Amino acid sequence: MEEIKRIKKQILRVLIKGPKTFWELINYQDSHIIPFLEALKELLKEGIISYEKPYFKIAKNNLKVEEYHDPGCLFCSPFKGDSYWGKILEKFKELTKDRPLPTSDFDQGFIRPEDTLKRVAFIYLRGDLEENEIFILGDDDLISIAMALTGLPRRITVVEIDERINRFIKETCEKIGYKNIEIYNYNVIEALPKELKGQFDVFVTDPVETKKGLKLFIARCIESLKGPGSVGYMGFTHREASLQKWRDFQKFVYEAGFVITDILRDFTTYPEKENSWEDFYRTYRIMKEFDLELPNVDWYKSSLLRFEVVEGPFVPEIELPKDLEELYFDEEAWATPLPSYLEKKV
């Protein structure tokens, strides 16, 4: 059972640092008491840990477990404690300073480097990073590189439409020596390659937020997952997604067999200066409403959602966008740049 495997990893990475009581250990995992007890009992039966009241401790010699790295409070003081995360952040910033800039053709924009690592750290805290096979649909945030820098995933697979980004990820992972990565040039409107279906423990995506595009992105990701205990992470905004759209989406993921476990509101920010969006703004609907000046603050933020498979997962029937225009635009797309191929039509 995937849930038990995850809890075991969360328990062992804490105990490798030293003995802990039951009450201390329960704070380092986030499941129900019953599977937590089951995980403890299995570890005891396997002789991996021992219990000498009141402490649980590692019993097996030469156990290969990466010790727990505390990322601190990811809202108020991320990466201020354990130097592990600070070192990864500096390396990530250095590696990605010459990243490809967004293009309006694919509705792109990336979050701050520290926010990319905050997402990785949250995935780590939930026990979803170590030894897992991870599927990433769209990666202009370069989260695959941040994950690779930890060395913890068993495999990372990126499917991305922008070949510039794919080349950058491939070359950067070669530079840092991370070999367990696969990269596909992929358009989400196309069917997911058969070899990627039902193969992954975790997916990560920042979908377009149109009614049809949102469900299409998540449907492709659902197809990639193994089954119960698998999880998904996605960015979702309140800027271009109304509460009605949020409600419709939640119904969609419930029908697919998921439960939403976490919503971190405005967890990540899209930096204006670094994204170099100035030329894009002339095509935004919101700019024309009040003849607005360019933004003087970083205003576009995204929440992070985590959902876990309880049953299935099942892929609900969806209506496919008939073209790229319908993929990227609906009545709520007020801050989406008009692609160059559509500008020529207007």
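Student: What volume does the second largest pocket have?
Tutor: About 290 Å³. Keep in mind that this is a predicted model.
Student: Which residues are closest to the centre of that second largest pocket?
Tutor: Glu3, Arg6, Ser31, Thr261 and Glu308. They are among the 15 residues that line the second largest pocket.
Student: Which elements each supply at least two residues of its lining?
Tutor: Helix 1, strand 9 (258–269) and strand 10 (301–309). By class, the lining of the second largest pocket has 7 charged, 5 nonpolar and 3 polar residues.
Student: And the largest pocket, what is its volume?
Tutor: About 490 Å³. Its lining has 23 residues, and Lys5, Lys9, Glu130, Glu131 and Arg154 lie nearest the centre.
Student: Which helix gives the most to that lining?
Tutor: Helix 1 (residues 2–15), with 7 residues. The lining of the largest pocket splits into 14 charged, 5 nonpolar and 4 polar residues.
Student: Switching to helix packing. At what angle do helix 4 and helix 6 cross?
Tutor: Roughly 135°, with the axes coming within 10 Å. Helix 4 covers residues 83–95 and helix 6 covers residues 143–150. That angle makes helix 4 oblique to helix 6.
Student: Left-handed or right-handed?
Tutor: The crossing of helix 4 and helix 6 is right-handed.
Student: Which residues meet there?
Tutor: Helix 4 brings Tyr84, Trp85, Ile88, Lys91, Phe92 and Leu95. Helix 6 brings Ile145, Ala146, Leu149 and Thr150. By class, this contact has 8 nonpolar residues, 1 polar and 1 charged.

Methods. Residues numbered from 1 in each chain as written. Predicted model: local features only at pLDDT ≥ 70, side-chain atom pairs only at ≥ 80, totals over all residues. Heavy atoms only, no water. Axes fitted to C-alpha atoms, helices over the stretch in contact; angles between N-to-C directions. Helix = DSSP H or I, 4+ residues; strand = E, 2+ residues; numbered from the N terminus. Parallel < 35°, antiparallel > 145°, perpendicular 65-115°, else oblique. Left-handed = near helix turned anticlockwise from the far one by under 90°. Contact = heavy atoms within 4.5 Å. Nonpolar A, V, L, I, M, F, W, Y, C, P; charged D, E, K, R; others polar. 1 Å grid on protein atoms, 1.4 Å probe; cavity = no way out; pocket = protein on both sides within 12 Å on 5 of 7 lines; lining within 4 Å. Points joined across faces, edges and corners; volume = space filled by probe spheres on them.
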